[in-house]
Amino acid sequence: MLDVLIKDGEVYDGTGEQPIKANIAIKGGKIVDIGPVHGEADKVLDASDLVVCPGFIDLHTHSDFTLAANGRAESQVHQGVTTEVVGQCGVSCAPAKSQSDIALMSPGFINGAVEANWRSFKEYLDHLDKTPLGVNVAAFVGHGTIHRAIVGDALRAANEDELDEMVALLEESIEGGAYGFSTGLEYWPGSLASPDQLADMAKVAAKHNVLYATHVRNRDLFYDLGFGEALSTARAAGARLQISHIQPKFGAPEYAMQHAVDMCEQARGHGVDVAFDVIPHDWSHTHVMAILPQWAREGGVKKVRERLSDHATRDKIKRNPRPMWRLVNSDGWHKIVLMQSEANRDLVGMSFDEIGRRKNAHPYDAVFELLLEEDEVNMSHLMWTSQSFENRDIELALQQPQCAVISDTQALAPYGCLKHHIGSLSGYGWAARFLAHYVREKRILSLQEGIRRITSLPAQRLGIGDRGTIKTGVCADITVFDPSHITSHATVNTPRKYATGIVHVLVNGGVSMQNGERTKIDSGTVLRSQ
């Protein structure tokens, strides 16, 4: 007897080919037959007039800690996601030397939510293994986390001996199951690393044939230096490169996206294995602390508090000619919105123009006040978002066959310890928005090609051969949806609304959504590179 039979669907196999009308038979967590299949099954799912495709793979997330806190991944499963890739932009939950390192370096950290008793990367994955998971999880190890474990808060790059220790810790982490290595060069401490050091570490990723993913050093005025460094690092290391969320930011010239595409194409012609991805909306989010210049971050949170409490130091910070968001220097506070705050939840969703008026202060001073009003842990996790991207750039990137689509968010739930969390404005709707806005409405891509960008393409980049397609013998990660009605309902004012249009979701053959409703089944697993 079959475990599950999916009947009468339009089957898109994830490769970009035309769909076929077929049934899909599942047994033991695998697809065992496709076609005019009949027979007894414990569960029969009707897919009439619906698309049946591989489960969506989110190639770039920051769910490292939120999955440990609540592994059901409600926001992701409700939009058809079956696999997440955490540990991006140089930040991961492990390795760590201490509990305080975990608190500072874990995206989405919540004090007391989890007994964070891991230190090595393997121990972190073992912890996730014991957590019921609604999605499969592949984890990258972050350069920034490794740097902190070896160098601490010092405002300098690693010396030669420390770099040797960092390389050894990266090797240990990949051997412990890390599926890749990531850097966040626009952030401290990634901003301290030299290209030579990055290449030495990327060589470890190349040695183990895992992906090197980078949030580049610059995507606005000096975008070409940022992308050029990424390509040079991968070339020198012989590493497979994934440029994360490639769309340029406010301050870049209009031709920057086309130039970036051309740079990647030329590097590919010289043998560099490079691809990239985009976030399917024009909002860019990050930690508020990222706006501080490097010198203001030295010494950790206590020192930052001292500096922000001094008005002369504040004025010096405001004069920073190269803030992470050039909207700040352009007085574009109406396009910058508070996204995540423990101390000021009532201000979430407001622009900093509004917050400044509420506090009777200049918006920049309001930023400093909000940072100071958080406790030591949550100060590092205060989040904001800005309208820094251009839709024309996203559309141009999507026209490139090597461009995947990502969320750059966290797996969340509107209840329990995650109920106040917002990973990004796309957290509850990135896949739905991509399929509704860019595929159905704007027709930038055909439906079969759109599906490929969030299924077989990310699987191929990761090197996962048994997911991302629908064929016999692969893991039964399957999403069934209505292409006419799939919709994101997440907005600046309603960021925690589930997407609609997803009918059934299967993860390793377990039915996690049925007839549009979340079940109690959490059949995800931890994917390890070794």
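## Basis

Contact here means heavy atoms within 4.5 Å. The model is predicted: local features need pLDDT of at least 70, side-chain atom pairs count only at pLDDT 80 or more, and totals for chains, interfaces and linings use all residues. Residues are numbered from 1 along each chain as its sequence is written, and side-chain values use heavy atoms, with hydrogens and water left out.

## D64

D64 sits in the loop between strand 6 (56-58) and helix 1 (66-69). Helices (H or I, at least four residues) and strands (E, at least two) are DSSP runs, numbered from the N terminus. Leaving aside residues up to four places away in sequence, D64 touches V86, G87, V91, S92, C93, P107 and Y124. A polar atom of the D64 side chain lies 3.1 Å from the backbone nitrogen of G87.

D64 is buried (under 20% relative accessible area, 1.4 Å probe, protein chains only). D64 has no salt bridge (a side-chain nitrogen of Lys or Arg within 4 Å of a carboxyl oxygen of Asp or Glu). R528, the nearest side chain of opposite charge, is 14 Å away.

## A459

A459 belongs to helix 20 (residues 456-462). Its relative accessible area is 2%, so A459 is buried. Beyond residues up to four places away in sequence, A459 touches I57, I464, R467 and G468.

## L221

L221 lies in the loop between strand 10 (211-215) and helix 8 (223-237). At 42% relative accessibility, L221 is partly exposed (between 20% and 50%).

Terms used: Lys, Arg positive; Asp, Glu negative; His and termini not counted. Polar contact = N/O pair within 3.5 Å; in protein donor to acceptor, adjacent residues only side chain to side chain.
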